Amino acid sequence: MAGYSLPILGNWLANELGFYSILSSSRDTKLLCLQRFIRLFAYGASTLILALYLSSLHVSDARIGLFMSMTLWGDAVVSFILTLFADGLGRRRTLILGAALMAASGAVFAFNSNYWILVAASIFGVISPGGNEIGPFKAIEESTLSQLSAADRRSDIFAWYALLGDFGSACGIIICGWLVEWLQTINGWTSIRAYRIVFGIYAFLGIVKLALSLLLSNQCEPAPKKLEYQQVTELDDVEIESLLSSDDEDESIEPRPKPRQKPTPPPFPSRKQKLSLLPSISPGSRTILLTLCILFAIDSLGGGLVPASWITYFFTTNFSLPEGTLGTLFFTTRIIAALSTLVASSISKRIGLVKTMVLTHLPSAIFLALIPLPDNVSVAMTFLVLRSCTQNMDQAPRQAFLAAAVLPGERTAVMGVVNVVKTLSQSAGPVVTGWLAGTGRFWMAFLVAGGLKAGYDLAMLKMFLGYRSREELEGEERTKGMSRESA
């Protein structure tokens, strides 16, 4: 019995965790997940030392916060433009352009120390202050994954997409932390020189991501709109003469063959249509988009107050933790967060997407608010680890919920708008935290952030509990239709 139960248990576990879904996915799906791993590896590595790098350049806390906010403002504008026109210009081209900007910004940080040049590079390039997604990549990749994945496997694909991103971020953080500490202690390098090595690696990974974007196939592009052919009748010269002749003449004319039917090609788009690359969003999608944007903005504002760069800075200034220890700490939290995303996919299959989003995200908001209260570093680290246990469990259900709530042709634009709204809301946080840190009230940022995130969870539960997506309603209609036909 035990010999049979182990394979059965293994198959059940692999199915619950979505392993079969990602294994049987297309080559493009695997390439997009690999790109996310590499990108988040670079983000994690740079996030650990971003605030420390600026501080080593004698930048004040207030200006560090301003730097992070301006970075997010610039990202919001660039991402909005690129994602809005991504389907018209080509998703692969947009991903390639974003990767080039990522590589360029890393190179600037590796070779320059001027504050305003670094600000310009972060605004027009791709630098993540919080180690989270930034730039146009996420919206385009999620829209493409929704297109490439079946509805019943979409939550599994998003879960693995999120897991690989968190795992990449964790690897980037711990490798960066111990690399910087090794360069400083063993080789005697200054902190600035060691930090610049990390940004050089960041630029190289941007080039790797660009190469992977070139390998994507045409299946990643949006499906072309179908145009119906119109049937027209083509008359020959004899038939035209017969129509113009009198009735008597018509009687003497032998019957002619039936007019030939020729399909006409689709009409050429007008100049206005060619220039218009903007996607259209249906009224039903606009309503839910507006509601979700407001809720996501509240959550993102809370996240913007305490991004990973500020949390690492908090532990360094309050408890004097070295880079290697910081890297190990955040590696642990990211690994826990990554593994929890697979559990979220299994939970969502049983209790639904909305309940999974709220019930997993609310505990992390509470633990976030508790981080600055203890004076003991071990207790503060414990709260940080407990927060990570459920911190990212809402990501895959949230993206699956958003993808199912709108039409397939709207997903890139809708997800782009959502990401821009989240980024703009998040951008207000770092400058406030910088001011609080400069005035000795750093702890208030954690309390306010936890309160905002908890409020978002409760509002999400109240407004969308029992909500039925378009795909669910269409599936029910098809089921009812088949039942009526069989009856």
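User: Which residues are buried in helix 18?

Analyst: This is a predicted model, in which local features need pLDDT of at least 70 and side-chain atom pairs count only at pLDDT 80 or more, while totals for chains, interfaces and linings use all residues. Residues are numbered from 1 along each chain as its sequence is written, and side-chain values use heavy atoms, with hydrogens and water left out. In helix 18, the buried residues are Ala380, Phe383, Leu384, Arg387, Ser388 and Thr390, where buried means under 20% relative accessible area with a 1.4 Å probe, protein chains only. Helices (H or I, at least four residues) and strands (E, at least two) are DSSP runs, numbered from the N terminus.

User: And what do those buried residues of helix 18 pack against?

Analyst: They pack against helix 15 (308-319), helix 16 (323-351), helix 17 (353-370) and helix 21 (443-464), with contact meaning heavy atoms within 4.5 Å.

User: What caps the N-terminal end of helix 18?

Analyst: Asn376 does, with a side-chain oxygen 2.8 Å from the backbone nitrogen of Ser378.

User: Changing topic, where is Gly177, and what does Gly177 touch?

Analyst: Gly177 sits in helix 9, and, leaving aside residues up to four places away in sequence, Gly177 touches Leu48, Glu323 and Gly324. The C-alpha atoms of Gly177 and Glu323 are separated by 4.8 Å, although the two residues are 146 apart along the chain.

User: Why does Gly177 count as buried?

Analyst: Gly177 counts as buried because its relative accessibility is 0%.

User: What about Ala76, where is that?

Analyst: Ala76 lies in helix 4 (residues 61-84), and Ala76 counts as buried because its relative accessibility is 2%. Not counting residues up to four places away in sequence, Ala76 touches Val420, Thr423 and Leu424.

User: Last one, how many helices and strands are in the chain?

Analyst: The chain has 22 helices and 2 strands, and of its 487 residues 50% count as buried. Among contacts between residues at least 6 apart in sequence, 85% join residues at least 24 apart.

Note on methods. Polar contact = N/O pair within 3.5 Å; in protein donor to acceptor, adjacent residues only side chain to side chain.
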